[in-house]
Structure formats: C-alpha cells, structure tokens
Amino acid sequence: MSADPRHRVLNVNDRDATRYMVTQMLRSARFDVLEAATGEEALAVARRPAPAPGTPAPAGSPLPDAPPDAPPDAIVLDVRLPDLNGYEVCKRLKADPATASIPILMTSAAYVDTEHRVEGLQSGADAYLAQPFEPSELSAVLRTLLRSRAAERDAQRLTEELTDAIRIRDEFLSIAAHELRTPLMTLQLQLDSLARGLDRAGSAPAAELLPKLRGKVDTALRQTGRLTLLVDDLLDVARSARGALGIQLEEVDLERVVQDVVERFAPEAARAGSALTASTRGPVTACVDRLRIEQVLTNLISNALKYGRGQPVAVELTSGPERATLIVRDHGIGISPTDHARIFDRFERAVSARHYGGLGLGLFITGRIVEAHGGVIRVDSALDQGAAFVVELPRALGRSIAGPERREQSA
Amino acid sequence: MSRSILVVDDDADVRSSLQEVLEDEGFEVTVAGDGQEALRKLDGGLAPDVILLDLMMPVMDGIQFRAKQLARPRLCSIPVVVLSAQSHVRDLHHQMRCAGALRKPVRLQELLETLGRIQGAPGSRRLPRPEA
C-alpha cells in the first residue's frame, strides 16, 4: 500500500476549528487535503476536471496541499453548511455523472439520530460518521470507500474490454460469413447448372456440350480453391488475434523464395495480361519463416495482378548487411494516401479499392507476418499511379527493424 | 421475346457464373461491377426487365444504387431482386422496396423461381427503350 499515490480528500466544514482538526487527522493518515467551507465551494472543487498529465500546479494556490487543481478522490462532508446543507450537496454530486463516483463520507455533530443518518445515506452518502469520531475510524472508513471505488473502476474497465472484444469477434464472424458465401455461391451455381445441363442432355450428352460442362467443373474447382485460401486466412486472423501466428524461423535464401513464387504466378500473370518479372542480385540469406514469407509475396503479387490493369508487375529483392528489402510494384489503380494506413487494418472493406472480393484479410495478415518477423511494411502509392509495397526484414535472428518489443518468438 | 436481366455484383466469378447460368436458361444478361457502372449503363439506355443486385460493392453500394434508381422516373419501376451475403438481407426487402431478397449462396432453382414470379406478375412493366 505504501507505493500507492496519495489520495486527495475534500474536507467540507463551515466551522474553522472543526475543519482544521479534520484536515490534521486526514494529513496524519497520509491523505492530501482540499478544503471548502460552503456547499457551493464544495461543488466547485468537486467538479474540477482532472488536469492534463504533466500540467504544473499553479503557484500561490490558496488551498493546502498539491496538486491543487485536481478533483478529489473522496469527500468528507459535514451536514451543517451555511448555504446548501450537506444532504443537498450530496444529492447534487451524485446526480452529476462527472462527480457521481466520488465516495462521500457524511459527518455531523448535531444530527446523530437514526432518522438523520438514514437521510444522509439516502441522499447518496456512502458512509455516515457522527462527531466526535476517532482519527482511526475516519481513516479506516475512507480507505474502505476508496478500495470499493477502485474495485468498481476495475470492473468497469474489464466490462469495456470484454464488450470491445465481443464486438470485434462479432465483426469478424460477420465478415467471415460474408466472405465465405461469395465463392460458395459461384460453386453452387456452377454445380446446379452442370446438373441441369446433364439432365437436359439425357443419357448421351452431345460432344459439343462437353467442353462447356467441363468449363463449369473448372470454375467450380477454382471456387473450392478460393474457399480453402479464405478459410486459411480466417484461421490466421484468429491466430494473430491471440498473438500466436506460429512463426518458425530458419536460414532461408530469399532469392530462391522470390523466384519460386514468381514462377508459380506465371499462369495467373498471363491471364491478367501483366508481365511479371523478378529482379534479384544474387542469394540473400535471412532468418525467416519460409512459408510465411511466401505467403506475404503471394498476397502482394496477387493484389498487384488483380489491380494492376494489365500493366507490368515487378518484384525486387535487395539487401544490406542488416536487412533485406522486398518490393512488389504495379502500375494499376493505386491507393489514395488517406487509405495507406487503413488498408493494413483487419476489417477494412469498401474503403480502398484493394479491399473488396475477399482480399481485405490478406494485407492485414501480411502486415502481422512482417511484424512478427521484426520487419516493417509500407506502401508508396497515389490514385491512378500504381503502388509499390515495400517489405523490410531483419536478416539476423532476434533483430528487429520496427522496435525492440515487436518480434514474436518462434513456437 | 427474351427476358433481360442486369446483374450487379463486384465479384468477377459471381458475375460470370450468373451470366452463364441465366443465359443457359434463356435470359439476356448484362453485367456491372458496382452501382455506379450499373447506373451508367441504365442511364445510357439499358432497359432490363429485372435487376439482380448485390449490396456490398465498392464505389457505389447496392443501397446507394437503389436510392438513385428510385429517384429516376425512367428507371424507378424496374423491379430489383437483392442478392446478398448479408444475414439480414430479408429485412432490407421491405426497406429497399424490392421485389425479392435472396441470400447467398442461393440455389439456382430458387433464383429462377423468384425471377419467374416477377416476370409473370401482373403489372410488371417493360420499359420502352428511349429514342436513339
């Protein structure tokens, strides 16, 4: 308890002598004390907004103790006051959301019977002490009230975090369901149509019908491929939310990785009409997760082909002693600078053109993979001027480009 | 007399497979990749008997498109069937004043039945093409 910051207590009493005595009791109990002699003054002090962190206390403040401008953590409130009585002050404080959570310990010398104690508690007081009271009792009751208040705040914060987590999970499920339905739809249509075509053709489909039927099967198969990738992406998103992407590091030649992935994309590049080239300057070894870096390149090249407007797509690999740099460059529709940060966010859809059609998760996962390697990713792009996605990875084990705490440990 | 459909969906595979299967069933099919493209084609003289409309699309989504369609005297009476992956698509049916609302993935049979209902409905109008 000794490491806790000192709590500020507002001592409200119109009798100078009593107020002084209570202030001394509070100070001995290691509270910082603010004072008020009237109901209005008490309300004014209680309603102060919390100062911004780092604000220096003003010099020459008339109230004892520091920091004078901060609101109180608790209030010791006498019932008898010259303007508003203590019950009224209490009611107003509890009715105002800004001050409602400040615990109030009501005191009185005169009104000690049950009826008045009950009235005090009913006005919203959290405790009621009749004078004369012992310093130890004052301190103990205040500490109890502050402890309850702290527990309340923790519970509130936890509730907010849980509500947030539930909301994010629901968004995820909704996006996932939506993304999965699109390829499923095509798959189903093709198979339905295939079935109808076969029914119409009877027992011996005409030869010229076969290529068409085969085409439907191909489209259907392509959708199951898309679905599989999508399910994998969704699992990655769920994993990354738990901080468990599962990076397995080993010494890898990035030049080989680039060449392999580019080669794999040759048919798709041809379909898109884009010339896909790799430019490397010899082997580049780095300590990375080979499959995950392939995943990064696959996502970036796939985007580049999809939004590249049939223009050339270039993959470059360069390196220095400490880091390796991968760049995937296209000359397509580009991304507005206002969207540069958002496209790496989890559920960005219909914001930037690179985000519809199920690829909204791809860049997010790519970002998380790069981050897990201690690397950084950024995009240089403007609308209509293509885009260059730049990935920088540390080459040595345990290093980080982004910052010391970013690197995920290998499983 | 062939029945004509405008398919509006941002997914290339959905567009092409809808076009393919509907053409197999005897429809004349035009496609658009988003609400804006659809509006452009309609303003340019396309007069489909029904519009098959996805909701989540970039540039101009389904709801925005519907609002603009309803505001244009020449286009507002073309019936719309919403075809969307969103779970609450049936609630939108009423809000968007649609002739039908189907949730993806939809079986071809159900799609054809919905289209058939609209085609055959009394009072479903065929808009005349504007003078060239």
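Modeller: Happy to! Buried means under 20% relative accessible area, exposed over 50%, and partly exposed in between. Keep in mind that this is a predicted model.

Colleague: Why is A:Asp192 called buried?

Modeller: The relative accessible area of A:Asp192 is 14%, and the label buried applies under 20%, so A:Asp192 is buried.

Colleague: What makes A:Asp192 and B:Arg107 a salt bridge?

Modeller: The closest N and O atoms of A:Asp192 and B:Arg107 are 2.9 Å apart. The cut-off is within 4 Å, so the pair counts as a salt bridge. This pair crosses between chains, from helix α5 of chain A to the loop between β5 and α5 of chain B. B:Arg107 has 44% relative accessibility and is therefore partly exposed.

Colleague: How do you know that B:Asp24 and A:Lys212 join two chains?

Modeller: B:Asp24 lies in helix α1 of chain B and A:Lys212 in helix α6 of chain A, so their pair joins two chains. Their closest N and O atoms are 2.7 Å apart. B:Asp24, with a relative accessible area of 24%, is partly exposed, and A:Lys212 is partly exposed at 39%.

Colleague: Why are A:Glu88 and A:Arg92 separated by about one helical turn?

Modeller: Because A:Glu88 and A:Arg92 are four residues apart in helix α3 of chain A. Their side chains meet in a salt bridge at 3.1 Å, N to O. A:Glu88 has a relative accessible area of 29% and A:Arg92 one of 32%, so both residues are partly exposed.

Terms used. Residues are numbered from 1 along each chain as its sequence is written. Chains are lettered from A and ligands numbered from 1 in the order in which they are written. This is a predicted model: local features need pLDDT of at least 70, side-chain atom pairs count only at pLDDT 80 or more; totals for chains, interfaces and linings use all residues. Side-chain values use heavy atoms; hydrogens and water are left out. Buried means under 20% relative accessible area, exposed over 50%, partly exposed in between (1.4 Å probe, protein chains only).
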